[in-house]
Amino acid sequence: MVFFRKIFILQLVGLVLTSNFTDCDFEKIRMDYLNIISKDLTCTDCDATLRCEDQPDCLTKIERLTLHPTPGCKSLPEELASRTEATLERSCPGYYRKQKNNAQAMKKRKKREDTIKRCQKIVSNLIGLWRRFMRL
Amino acid sequence: MTRALPPWAPAAVFLLAHLIGAGGAFEHQIINFNFETVQVTWDASPPSGTNLTFLYGFKEKNDSECPNYLLQNGRRVGCLLVAEGDTILNFSVWNGTQCLKNRSLWISDYLKPSSPRGLRVLWREEAVTVTCPDLPWKGLLYEVQYKSSFDGEWQPKAESTCNVTIQDLDAEKCYSFRARVTAMKSSYGSTTYPSDWSEVIHQQRGQPRDSCQEERVFSKSVLIYGLAALLLLLLLVLCVWKLQRVKRLLMPSVPDPKATFAGLFESHHGNFQEWIKDTQNLTHLQKVEDREPEDVLMEGLEVQPSKVEAETPVTTMAGPPGLQTVEKETSGTPSQLPGRPPQGEEVLALGGFRFTMSDNSYVML
């Protein structure tokens with residue numbers, strides 16, 4: 001019981017420590033997006049509704065959209081999620097991967113999940129947030 | 001076995017077509033002018049001819065009507081908005097109560113940057129640096145194009161700031177420079193527009209010039225003038241040659257007696273009397289075959305007796321063309337028969353004519 005309590009506290013601390021992305025190496029993240037992540041993101045009618053004001057705000061919303069499934073779109077391409085996580089882990093001190101335990105569950109759901117077209121709205125928003133991040 | 005269509009099928013088809021028309025048939029264009037103004041224009045023309053209504057809002061709002069409609073032939077064809085920075089624009093276009101289009105987008109996706117101003121060109125040996133004030137946004141590309149007066153095409157060079165250095169240029173040549181701004185795809189997407197080109201700057205040897213076309217014009221004009229001068233020279237030479245012929249035609253030159261009287265100058269030092277004595281048997285002038293017809297011997301033959309002799313009437317005889325003889329006959333002996341030379345005087349036969357010569361007479365050619 002004590003053991004599980006410690007695990008819970010550590011995860012909570014991890015969440016708090018990486019929630020603001022203020023100490024990230026933004027230049028390194030820009031280069032990763034330019035050379036790696038942008039290749040996973042394409043849209044034709046790139047309407048977007050999500051805004052962000054500064055670079056930490058943009059990264060917060062990017063991370064949430066990429067790694068946390070929403071109703072109507074169970075998950076995005078696995079490569080996109082893993083590359084985004086790797087970038088954040090590399091460039092943001094205190095950022096830890098959160099999706100290892102859910103990876104197996106996501107793979108199982110992927111067989112039943114919607115196609116990428118149904119997640120296009122999320123992809124459009126992600127593209128908008130990333131481009132806004134690049135302009136800041 | 002055929003199935004009958006349900007009664008609501010036609011209505012469903014109608015509604016579906018309506019929805020598809022609302023979502024996809026409305027053509028429009030969006031331009032974000034340097035994050036200062038946003039222009040939305042449309043091509044749709046409702047059959048009824050009514051004006052469309054444009055509602056918009058930046059960030060989350062979407063309930064303000066367009067403050068500045070663009071009109072064409074009295075009908076609304078667009079809306080001009082004042083931008084509120086790098087943000088999201090929500091807008092919808094209505095034909096009465098029917099929504100023709102509803103969109104939410106980043107206005108940066110349709111950026112058209114302003115044209116670079118204050119372009120400066122700095123020469124440093126064989127390199128040129130073109131500078132201008134940067135725009136206050138990241139993710140832009142500053143493209144400089146240059147060409148010399150001898151190049152046909154513009155050569156491009158781009159950097160992420162408006163500080164572009166071009167190497168290996170010849171300072172002696174006149175170069176033209178211009179610049180524009182484009183948005184990088186990674187930061188703005190692929191639906192942006194390049195800025196208009198800046199004013200063209202011309203420079204040679206580090207000094208500004210009004211135009212580089214003068215150099216080409218100058219070399220062309222030199223060529224043209226050179227050819228014209230050469231042509232004039234040729235014409236002049238031709239005219240001079242023609243004039244010489246005309247001159248010879250109108251004013252034949254005085255023939256050199258050397259050719260006519262062989263030996264006159266060589267043997268007798270121009271003393272015609274002596275020459276005549278030696279060649280007394282000649283009764284006519286030898287014709288020189290290579291003499292031109294106009295080279296006629298113009299001779300003046302003058303025979304003057306001495307003054308102590310009595311005056312006698314002067315007789316002028318017309319000789320062959322060009323040969324004039326003025327002779328004063330002395331009184332002589334009245335008993336002399338006409339046609340017979342007086343005593344003590346010689347007879348000179350020349351060109352078919354006979355002249356009586358005394359000791360006091362001389363012949364002048």
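This is a predicted model: local features need pLDDT of at least 70, side-chain atom pairs count only at pLDDT 80 or more; totals for chains, interfaces and linings use all residues.
**Figure 1**
Chain B exposes about 23,700 Å². Carbon and sulfur atoms supply 56% of that surface. Chain B has 365 residues, and 33% of them count as buried. Its secondary structure comes to five helices and 22 strands. Among the contacts in chain B with a separation of 6 or more, 59% are between residues 24 or more positions apart.

**Figure 1. Surface and secondary structure of chain A.**
About 8,200 Å² of chain A is accessible surface, and 57% of this belongs to carbon and sulfur atoms. Of its 136 residues, 41% count as buried. Six helices and zero strands are found in chain A, so the pattern read along the sequence is α-α-α-α-α-α. Where contacts in chain A join residues at least 6 apart in sequence, 83% of them join residues at least 24 apart.

**Figure 2. Confidence along chain A.**
Chain A has a mean pLDDT of 79, and 70% of its residues reach 70 or more. Which element of chain A has the lowest mean pLDDT, and which the highest? The lowest mean, 47, belongs to helix H5 (residues 100-110) of chain A, and the highest, 95, to helix H2 (residues 26-35) of chain A. In residues 100-105 of chain A the pLDDT is below 50, and the model gives this stretch one contact beyond near neighbours in sequence. Residues 108-114 of chain A also have pLDDT under 50. For residues 108-114 of chain A the model has five contacts beyond four places in sequence.

**Figure 3. The interface of chain A and chain B.**
The contact is made by 17 residues from chain A and 18 residues from chain B. Together the two chains bury about 1,500 Å², with 44% of this area on carbon and sulfur atoms. Which three residues supply more of the area that chain A buries against chain B than any other three? They are Arg51(A), Arg131(A) and Arg135(A), which supply 45% of it. Four salt bridges are counted between chain A and chain B. Eight residue pairs across the interface are in polar contact, with both residues of each pair at pLDDT 80 or more. On the side of chain A that touches chain B, H2 and helix H6 (120-135) of chain A are the elements that give two or more residues. H6(A) gives the largest share of that side, five residues.

Side chains of opposite charge can pair when their charged atoms come close. In this view the side chains of Arg135(A) and Asp86(B) meet in a salt bridge, with an N to O distance of 2.6 Å. Arg132(A) belongs to the picture as well: Arg132(A), Arg135(A) and Asp86(B) are linked in a network of salt bridges. Arg135(A) is also one of the three residues that together supply 45% of the area chain A buries against chain B. Over all chains, the count comes to 13 salt bridges.

Glu27(A) forms a salt bridge with Arg30(A), and their closest N and O atoms are 3.5 Å apart. How far apart are Glu27(A) and Arg30(A) in helix H2 of chain A? They are three residues apart, so about one helical turn separates them. Are Glu27(A) and Arg30(A) buried or partly exposed? Glu27(A) has 45% relative accessibility and therefore counts as partly exposed. Arg30(A), at 13% relative accessibility, counts as buried because this value is under 20%.

**Figure 4. Asp196(B) and Lys112(B), a pair that links distant parts of chain B.**
A salt bridge joins the side chains of Asp196(B) and Lys112(B), at 3.2 Å from N to O. Asp196(B) is in the loop between helix H2 (185-188) and strand E16 (201-204) of chain B, and Lys112(B) is in strand E9 (residues 111-112) of chain B. The two residues are 84 residues apart. Asp196(B) counts as partly exposed, with 47% relative accessibility.

**Figure 5. Arg205(B) and Glu172(B), a pair between two loops of chain B.**
The side chains of Arg205(B) and Glu172(B) form a salt bridge with 2.8 Å from N to O. Arg205(B) lies in the loop between E16 and strand E17 (207-209) of chain B. Glu172(B) lies in the loop between strand E14 (163-166) and strand E15 (174-183) of chain B, so the pair ties together parts that are 33 residues apart in sequence. Glu172(B) has a relative accessible area of 46% and is partly exposed.

Conventions: Residues are numbered from 1 along each chain as its sequence is written. Chains are lettered from A and ligands numbered from 1 in the order in which they are written. Side-chain values use heavy atoms; hydrogens and water are left out. pLDDT is the predictor's confidence in each residue, from 0 to 100. Helices (H or I, at least four residues) and strands (E, at least two) are DSSP runs, numbered from the N terminus. Contact means heavy atoms within 4.5 Å. Buried means under 20% relative accessible area, exposed over 50%, partly exposed in between (1.4 Å probe, protein chains only). Accessible areas come from the Shrake-Rupley method with a 1.4 Å probe; for residues, only the protein chains shown count as cover. Buried area is the accessible area (1.4 Å probe) that two parts lose on being put together, summed over both. A polar contact is a pair of N or O atoms within 3.5 Å; within protein, one must be able to donate a hydrogen and the other to accept it, and residues adjacent in sequence count only if both atoms are side-chain atoms.
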